[in-house]
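Please read this report alongside the sequence and the model. It covers pockets, cores and strand pairing.

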Amino acid sequence: MDNRHANALLASLREAPLLVGDLPEAASLDRSLLGELDGPARLDQNQKLGHLYEDALRLLLAAADRLELLADHVQVFDANQITLGEMDYILRDVRTQQLIQLELAVKFYLGVPTADGWEFPGPDPHDNWQRKLQRMRTHQLSLAWRPEAQALLRKRWGSDAVDVRQLIFGCIFYPMGVVDCPLPVSVCADCRKGRWLYEQDWERFLGDIDEVCMIPKPLWPVEVTAVLRESLSISAIAELRAASTQRCVMFALPDSEVPYFLVPSHWAMT
């Protein structure tokens, strides 16, 4: 991965606005505890975005002075060896000796007004913010309190007293031409925000634009600063629109910090 882009990804973990703040089940982690790398980051961009972001966070946790990274991707099984879930990271606060379970997520959702109110599906329309939030709250962020997880924590680290924390990043995209847009439930008011439009509506909203910066998926979590735009190649509109016939494509205008999604004309909520 280009070192400039790797550094931008790491910086987003430290500095980008959170999508979600404190939840009843888990407060957000104090990001001032994350470490700084001494040398270039080695990150493999040829993997799913969630895995790439996990790798990037692992580097910052391993470099932290206050936090000891004990393990990651810790699987919890029941008595029949069926997986109940996975804890992203197990940490120890070296000052207090407190165990910490840390969960990471990076998500992107498109606001869609409907007759029954607003819905927030993802670029994959099978995804949905309301379902994702419910799943996180009832499963990932409560996994450590299951008897099986408690037994695992005692066996491996000598304590089942664990402080559950989370870092949830992402961006909410609102449709072009719509002014009054609500926030999804539990999302921070200062979260990253963008705009989306169907490919078939390009001429209506952005027909006077000649070129854009297409943002590769590994950089979706990164804020669209002037520095980032300068590191990206300029793409012709025809290239952008061709790509968007198959999938949602993130892009930025050459002089704007607003991220956009260009969405296939056949994209629809499920």
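How does the lining of the second largest pocket divide by class? Six residues are nonpolar, four are polar and three are charged. Here Ala, Val, Leu, Ile, Met, Phe, Trp, Tyr, Cys and Pro count as nonpolar, Asp, Glu, Lys and Arg as charged, and the others, Gly among them, as polar.

This is a predicted model, in which local features need pLDDT of at least 70, side-chain atom pairs count only at pLDDT 80 or more, and totals for chains, interfaces and linings use all residues. Residues are numbered from 1 along each chain as its sequence is written, and side-chain values use heavy atoms, with hydrogens and water left out.

**Pockets**

A pocket is an open set of points on a 1 Å grid over the protein atoms alone, where a 1.4 Å probe fits, with protein on both sides within 12 Å along at least five of seven lines; lining residues have an atom within 4 Å of a point. Grid points are joined across faces, edges and corners, and the volume is the space filled by probe spheres set on the points.

| Largest | about 700 Å³ | E4, six residues |

Of the 13 residues lining the second largest pocket, Ala8, Val222, Glu223, Thr225 and Leu228 are the closest to its centre. H1 and helix H6 (226-231) each give two or more residues to that lining. Helices (H or I, at least four residues) and strands (E, at least two) are DSSP runs, numbered from the N terminus.

The lining of the largest pocket has nine nonpolar, six polar and 10 charged residues. H2, E3 and E4 each supply at least two of its residues.

**Cores**

A nonpolar core is a set of buried Ala, Val, Leu, Ile, Met, Phe, Trp, Tyr and Cys residues joined through side-chain atoms within 4.5 Å. Buried means under 20% relative accessible area (1.4 Å probe, protein chains only). The largest core holds 49 residues; Leu57, Phe108, Phe169 and Phe261 touch the most other members. H2 supplies the largest share of this core, seven residues. A second, separate core of 33 residues includes Met87, Leu99, Trp157 and Ile168.

**Strand pairing**

Two strands pair if DSSP finds at least two bridges between them. E9 (residues 211-214) and E10 (residues 234-236) pair antiparallel over three bridges. Val212 stands opposite Ser235 in E10. E9 also runs antiparallel to E11, joined by two bridges. Met214 has Phe251 in E11 as its bridge partner.

Definitions and conventions: Buried < 20%, exposed > 50% of the residue type's maximum accessible area, 1.4 Å probe, protein only.
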